[in-house]
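Colleague: I am new to this structure and would be grateful for a guided introduction. Might we proceed by question and answer?

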Amino acid sequence: MELSNISKKYRSNVVLDNINFTLDSNVTGLIGKNGAGKTTMMKIMCSIIQSYSGTVTKDDSAEIGYLIEEPKYYKNKSGKYNIEYFSKIYTKDYDKPYINSLLEQLGMTGYVNKKMKTYSMGMKQKLGLVIALARKPEYLILDEPTNGMDPDGSIEVLNIIRKLAAEYGMKVLISSHKLEDIEAVSDDIVFIDKGKLSSKENVEQLSTTVTMSFVFDDNDAEFALNVIKTFDKEAVQTENIVSTTSVHLLQDMLKALSVESIYPADINKHQRSVKDYYFTQMKGGSQHENQ
Ligand SMILES: Nc1ncnc2c1ncn2[C@@H]1O[C@H](COP(=O)(O)OP(=O)(O)OP(=O)(O)O)[C@@H](O)[C@H]1O
């Protein structure tokens, strides 16, 4: 599926600004702050929103399964009833053994005969996933699918999605604010900020890059950032820490800092995480602002 020059406005509010994106990896993560445009982009991909400029190209026969916002379940009916009801709207080929296997993998077999009004948010999400997967889609679009799930449950569900993607050749797009989860499960990640999409980053490549963090006394960090930026303009400051990936320039940076009588209290090197990259992408914000 390919998005070309997708833009979307609500009155004068530009929500998506010339998005170009191809969904072609097994699992792609979509990361961005509240209001960045993730849900809008996903709704366009699933044709829930049909008024926009630009084009979405996909094979006409390709099925799209999605979980975006909570489906309007029949709360007084069982999970099983809801699965059958919603799945049969979308597919004639209702594959019972396949659905049962999904329910079992997601730990829902024991709940499926209970009324949905007794379900927790995490259980409703799992049921929504089963419905999205029921039509064996080529593309699976999931907007914060692990909302309401505990940390162990989240990663377990994402791993099941990853396994199913490989098994059925699905291309999956998952948005989430849980950066570690997205890092653990995605092949590629795209970052969206104020309606603009960054390039696609390969997670393996991204996390083999080493980041170096200088810890300063509070008052020095801002000035130190300016000095370090003369070596690496992508350097970022988070409170009293300045991070850079220009590890090879350490000695030069220390020399330049000492000229200004600034001496870091500590220097750490570590593999760059998606979280580090996120804060580099969302320049200008502190971690606290973004969380
Ligand atoms: N129906 C609508 N009418 C007007 N503005 C809207 C509508 N839907 C979304 N928006 C605006 O579009 C922008 C992007 O919203 P969207 O829900 O796509 O962001 P998001 O990245 O999914 O955010 P979150 O992480 O909070 O779910 C926001 O400024 C939002 O207020």
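**Questions on the model**

Modeller: Over residues 1-219 the chain is 34% helix and 27% strand, and its end C-alpha atoms are 49 Å apart. Helices (H or I, at least four residues) and strands (E, at least two) are DSSP runs, numbered from the N terminus. This is a predicted model, in which local features need pLDDT of at least 70 and side-chain atom pairs count only at pLDDT 80 or more, while totals for chains, interfaces and linings use all residues. Residues are numbered from 1 along each chain as its sequence is written.

Colleague: Which feature does UniProt place at residues 1-219?

Modeller: The name comes from an unreviewed UniProt entry. UniProt positions are in the numbering used here, feature names are shortened, and annotations may be inferred rather than shown by experiment. With that caution, the record gives "domain: ABC transporter".

Colleague: Is tyrosine 278 buried or exposed?

Modeller: Tyrosine 278 lies in helix 10 (residues 274-281), and its C-alpha is 7.5 Å from that of phenylalanine 191, 87 residues away in sequence. A residue is buried if 20 or more other C-beta atoms lie within 10 Å of its own, exposed if 12 or fewer, and partly exposed in between, with C-beta atoms placed from the backbone. Because tyrosine 278 has 21 other C-beta atoms within 10 Å, it is buried.

Colleague: Which residue is the bridge partner of methionine 212 in strand 14?

Modeller: Two strands pair if DSSP finds at least two bridges between them. Strand 11 (residues 210-215) and strand 14 pair in the antiparallel sense over six bridges, and threonine 211 stands opposite histidine 270. Of the six residues of strand 14 (residues 266-271), zero are buried, so this strand lies largely in the open. The partner of methionine 212 there is lysine 269.

Colleague: Which residue of strand 13 is the bridge partner of phenylalanine 214?

Modeller: Strand 11 also pairs with strand 13 (residues 241-244), in the antiparallel sense and over four bridges. In strand 13, the partner of phenylalanine 214 is valine 242.

Colleague: What is the value of phi near which serine 261 lies?

Modeller: Serine 261 is in the loop between helix 9 (250-259) and strand 14. It is exposed, because 7 other C-beta atoms lie within 10 Å. Most residues other than glycine have a negative phi. Serine 261, however, has a positive phi, near 60°.
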